Amino acid sequence: MTSGPRVNPTEPSTPSEPSETGRARPARPVRIAVQIAPQHAPYEKIRDTAAALEDLGVDVLFNWDHFFPLSGAPDGLHFESWTMLAALAEQTSRVELGALVNCNSYRSANLQADMARTIDHISAKGGVGRFIFGTGSGWFERDYDEYGYEFGTAGQRLDALAASLPVIEDRWTRLNPPPTRAIPVLIGGGGEKKTLRIVAKHADIWHSFSDAATLERKLGILAEHGRAVGRDVAEIEISTEIGGRSRVEVEAHHALGATMFTIGITGPDYDISEVGDWLAWRDEKNAHLTASAAGDAIDPAERS
């Protein structure tokens with residue numbers, strides 16, 4: 001698999017008018033994701049929370065790829081990402097799932113490809129897998145120090161990610177059996193010189209942590225990288241955080257073309273009380289999108 005355009009077959013879209021950033025905003029449906037931080041809770045609680053979220057109707061479940069808690073007691077309960085994702089893939093039947101995000105440094109590129117392909121098959125209830133290969137260059141120094149990885153510099157870690165992705169994509173073409181679908185690649189991060197160029201070459205989904213004003217500027221930079229590498233960045237789904245943002249702030253991200261919105265929850269007591277409200281917002285947005293598409297399909301002569 002080359003570093004050329006990759007299309008997520010589960011997310012068809014219709015091109016719309018270009019934004020001021022130069023990026024055409026496809027009419028994609030809104031998706032709500034929940035990141036279950038695998039910290040400060042027993043696995044049974046994580047498993048039950050994932051089941052409850054699937055029952056509620058969320059679109060994607062994420063965890064993260066670290067070895068220690070990122071908040072709260074630094075030596076609190078914590079579980080490893082990929083083995084958990086394999087278990088959740090077997091447990092669930094509808095949601096997509098992945099890490100937000102995998103750390104490229106912790107496993108060789110070929111191993112990452114094989115693990116992703118395996119979870120893709122585990123998750124395939126109906127023939128098509130549900131795994132999203134979310135990845136990034138890594139940043140949490142304690143993980144590196146305690147597990148014996150070389151931390152290096154941010155630039156070196158980004159260079160390693162850029163080198164790994166073509167290897168991963170190539171390995172997917174040579175595995176037997178192959179993945180059930182073109183596994184969507186999600187890349188997290190906002191570095192303007194290196195990260196966004198990697199996004200332009202390889203990503204199906206870009207996860208941004210930016211506020212709306214910064215996101216708009218970085219979308220313009222992403223479009224420039226797309227032109228440099230010969231990629232139409234309108235193919236890339238834009239993902240962002242809900243976090244503590246207001247409805248107005250989230251609407252501003254949506255107006256810029258973001259369509260995947262992630263709510264983060266953490267143990268020991270995973271609070272999912274706000275998820276229902278955001279799912280209702282998603283459904284409202286998608287109903288409007290469906291109605292607009294239906295209207296566009298009507299012959300103008302029939303509207304009079």
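Mentor: Two strands are said to pair if DSSP finds at least two bridges between them, and the strands themselves are DSSP runs of E with at least two residues, just as helices are DSSP runs of H or I with at least four residues, both numbered from the N terminus. This is a predicted model, in which local features need pLDDT of at least 70 and side-chain atom pairs count only at pLDDT 80 or more, whereas totals for chains, interfaces and linings use all residues. Residues are numbered from 1 along each chain as its sequence is written, and side-chain values use heavy atoms, with hydrogens and water left out.

Trainee: What makes strand 1 and strand 9 a pair?
Mentor: Strand 1 and strand 9 (residues 258-266) are joined by seven bridges in the parallel sense, and because at least two bridges are required, the two strands pair. Within strand 9, Ile265 stands opposite Ile36. Strand 1 also runs parallel to strand 2 (residues 60-63), with three bridges between them, and Val60 in strand 2 is the bridge partner of Ala33.

Trainee: Why is the crossover from strand 1 to strand 2 called right-handed?
Mentor: A crossover is right-handed if, with the strands pointing away from the viewer, the path from the first strand over the helix to the second runs clockwise. The β-α-β crossover from strand 1 through helix 1 (residues 43-56) to strand 2 is right-handed.

Trainee: How do you know that strand 1 is largely enclosed by the rest of the structure?
Mentor: Buried means under 20% relative accessible area, exposed over 50%, and partly exposed in between, with a 1.4 Å probe and protein chains only. Seven of the seven residues of strand 1 (residues 31-37) are buried, so the strand is largely enclosed. Both faces are covered, with Arg31, Ala33, Gln35 and Ala37 buried on one side and Ile32, Val34 and Ile36 buried on the other.

Trainee: Why is Asn63 called buried?
Mentor: Asn63, which lies in strand 2, has 1% relative accessibility and therefore counts as buried. Contact means heavy atoms within 4.5 Å, and, not counting residues up to four places away in sequence, Asn63 touches residues including Gln35, Ile36, Ser81, Met84 and Leu85.

Trainee: What makes the buried residues of helix 2 line one face?
Mentor: The buried residues of helix 2 (residues 81-91) are Ser81, Trp82, Met84, Leu85, Leu88 and Ala89. Seen down the axis of helix 2, these residues fall within an arc of 155 degrees, so they line one face, the arc being that of the directions from the helix axis to the C-beta atoms. Thr83 and Glu90 are exposed on the face turned away from the buried side.

Trainee: Why is Ala86 called partly exposed?
Mentor: Ala86 is found in helix 2, and its relative accessibility of 22% lies between the two limits, so Ala86 counts as partly exposed. Leaving aside neighbours within four places in sequence, Ala86 is in contact with Ile119 and Ile122, and the C-alpha atoms of Ala86 and Ile119 are separated by 5.5 Å although the two residues are 33 residues apart along the chain.

Trainee: Why does Arg247 count as partly exposed?
Mentor: Arg247 lies in helix 8 (residues 247-255), and its relative accessible area of 39% also falls between the limits, so the residue is partly exposed. Beyond its neighbours within four places in sequence, Arg247 is in contact with Asp277, Trp278 and Trp281.
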